[in-house]
Amino acid sequence: MGHGHAHHHDHDSAAATDVPAALDLSIPDGELPPADLSRRGFLRNAGLLGAGAATTVLATGTPALAGGHGHDHGHDHGPGGDHGRTGGFHWLAGDHHIHTQYSSDAMYRVIDQARHARAYGLDWMVVTDHGSATHAKIGVEKVNPDIVEARGRLKDMLIYQGLEWNIPAAEHATVFVHPGRNEVAVLKEFENSFDGSVRNAGDNTPANEALAIAGIKFLGEAVRKRRVEGALFLANHPARRGIDSPHEIRAWRDADPSVAIGMEGAPGHQAAGLPRESGGRARGYYDNNPSANSFPGFPLESYRTWGGFDWMTSTVGGLWDSLLAEGRAWWISANSDSHVNYLDTSQRGPDSDFNLNGRYNDPVHGPVITEAGDYWPGQYSRTHVGSSSFSYRAVMDGLRAGRVWVDHGGLIKGLDVRARVAGDRRGTPVRRSAACCGSSAGRGSR
C-alpha cells in the first residue's frame, strides 16, 4: 500500500524543501500551535520522527496534485488532462462507501453526494445503498437513472454504481462494477442471489459462508463472461461486530483475488466520536461487544477503533499484516459511509414511503444536525489511487494492484516512501511517491 510507480532519482531533494513546523525539531514542543503539536505527537508515537526513526514522512513545499477539476480547491485540469501525475500515476482521491435516499437509513440525492464529493476534492465515488429486499426489488434499478444523470452533469467525477452487500454469515461489504449496459442487471442478480438479508443468510453457518464465497465467484464470472468490465469487493468496517472471522476473510480473498481486494482500514462515521450534548458514540460506531456470531478469538479491544482505524489494520502483526506476510494481496481504504452528515441542515422529504417507493422523497431544509455521525464524502477521509488515466477502468485497476494510500484528519499532504533491499549499498534507493490535493492527510500503509 502506498505503492506508487518505482523509479530512480540521482538526487535527494527532500532536504532542500521547507520543513513544516511539526517536523522541525529545532522548534520546542511548547512553541508549537496545538495542531502542529498534535501532528508531531502522532508522528513521534508512530516512530516516524526523531533520532532512530526508520522512516521520515516529509510534506514537500509544493506537492503535485493528485486530482483536479478546475475548482476553487486547487485543481487545475479537466478529464483527460494532467491529473497531477506523480510517480508515474495520476493519484485520484475517492470514496467507495456512500449512501443516498435509496437506503432506508439515509436521505441525500445522488447529485447531492456527488457535488459535495467533488467540492471536497474527490475524483471518484461509489454509490453503495444497502442491500435489502426493497433495494433488490426497486432501488437497484431506480437509482441508476440518478447516477447516469449525475455522470452527465459532473464530467470530472467518476461515479460508480454498487451496493453495500450484507455478506452471508458476516458483516457488510462494498460491491461495485464498471459502468456499462449490464451494470444494473449484474448487481440486481447478485443482490437477489447472494445478499444475506434478502436470502435470510446472516447466521454464522458453513452454508452461509459458502454462499458468500459463491457470490464473489459470481462477480468474477460476470467479468470473465464480459457482462461487465470489472467488479470489486471490499469488506466494510470488518472488526466492528467481530463477525468477520480470519478464515472467512482469507476465503473471500482466495475465492477470486481479482474481485476481493481488501477492506476498510479506517471506517466511516468518524464524526460519531465528537463530543456533544448527548455524549456521542465511538468513532465509526465501534461500540459493540461480542455476540453469538462473533469470532471467539477476537479480544475486546478489537471492537473499538484505534486512532480512527479498524483494529485489523492498526494492530502491528495483526490480521492485515498476517495476510500480507502470507502473500495475500489485501489492501485498505478509508471512506465516509455517509448517511446523515454532521452539521448539515437537511431532513427527509415529507410524505415519504420507502417500502412502497424504494426511496425517500428529496430532502428539504431543516434544523442543524448535531447528533449525526458522518461527514460528507472527502470531507474527512479519502482513498488515493494511483491510476494510469482518469477513467473508471484505471481506478479499478489501481485499487486491484494496491496502488493505494489512505488519509483522514488532515495530518499530511503526501507520501514519499523510499526502500532499499538489504545489503544493497547503491547510492539511490527505490522511491515510491504519491502526492495529493487540498489539505488531506496520510497514514503510511505497510
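Biologist: Which residues is Ile138 in contact with, leaving aside its neighbours within four places in sequence?
Modeller: Ile138 is in contact with Asn355, Leu356, Asn357 and Gly358. Contact means heavy atoms within 4.5 Å. A word on the source: this is a predicted model, where local features need pLDDT of at least 70 and side-chain atom pairs count only at pLDDT 80 or more, while totals for chains, interfaces and linings use all residues. Residues are numbered from 1 along each chain as its sequence is written, and side-chain values use heavy atoms, with hydrogens and water left out.

Biologist: How far apart are Ile138 and Asn357, in sequence and in space?
Modeller: They are 219 residues apart in sequence and 7.3 Å apart in space, going from C-alpha to C-alpha.

Biologist: Where is Ile138 found, and is it buried or exposed?
Modeller: Ile138 is found in helix 3; helices are DSSP runs of H or I with at least four residues, strands are runs of E with at least two, and both are numbered from the N terminus. Ile138 counts as buried because its relative accessibility is 19%. Buried means under 20% relative accessible area, exposed over 50%, and partly exposed in between, with a 1.4 Å probe and protein chains only.

Biologist: And what does Thr134 touch?
Modeller: Not counting residues up to four places away in sequence, Thr134 touches Gly139, Phe354, Asn355 and Gly358. Thr134 is found in helix 3 too, which covers residues 133-142, and Thr134 is buried, at a relative accessible area of 18%.

Biologist: At what angle do helix 3 and helix 4 pack?
Modeller: About 20 degrees, with their axes 4 Å apart; helix 4 is residues 144-153. Axes are lines fitted to C-alpha atoms, for helices over the stretch in contact, and angles run from 0 to 180 degrees between N-to-C directions. So helix 3 is roughly parallel to helix 4, since angles under 35 degrees count as roughly parallel, over 145 as roughly antiparallel, 65 to 115 as roughly perpendicular and the rest as oblique.

Biologist: Which residues make that contact?
Modeller: Helix 3 brings Val140, Glu141 and Lys142, and helix 4 brings Asn144, Pro145 and Asp146.

Biologist: Zooming out, how many helices and strands does the protein have?
Modeller: There are 11 helices and 14 strands.

Biologist: What share of the residues counts as buried?
Modeller: Of the 446 residues in the protein, 54% do.
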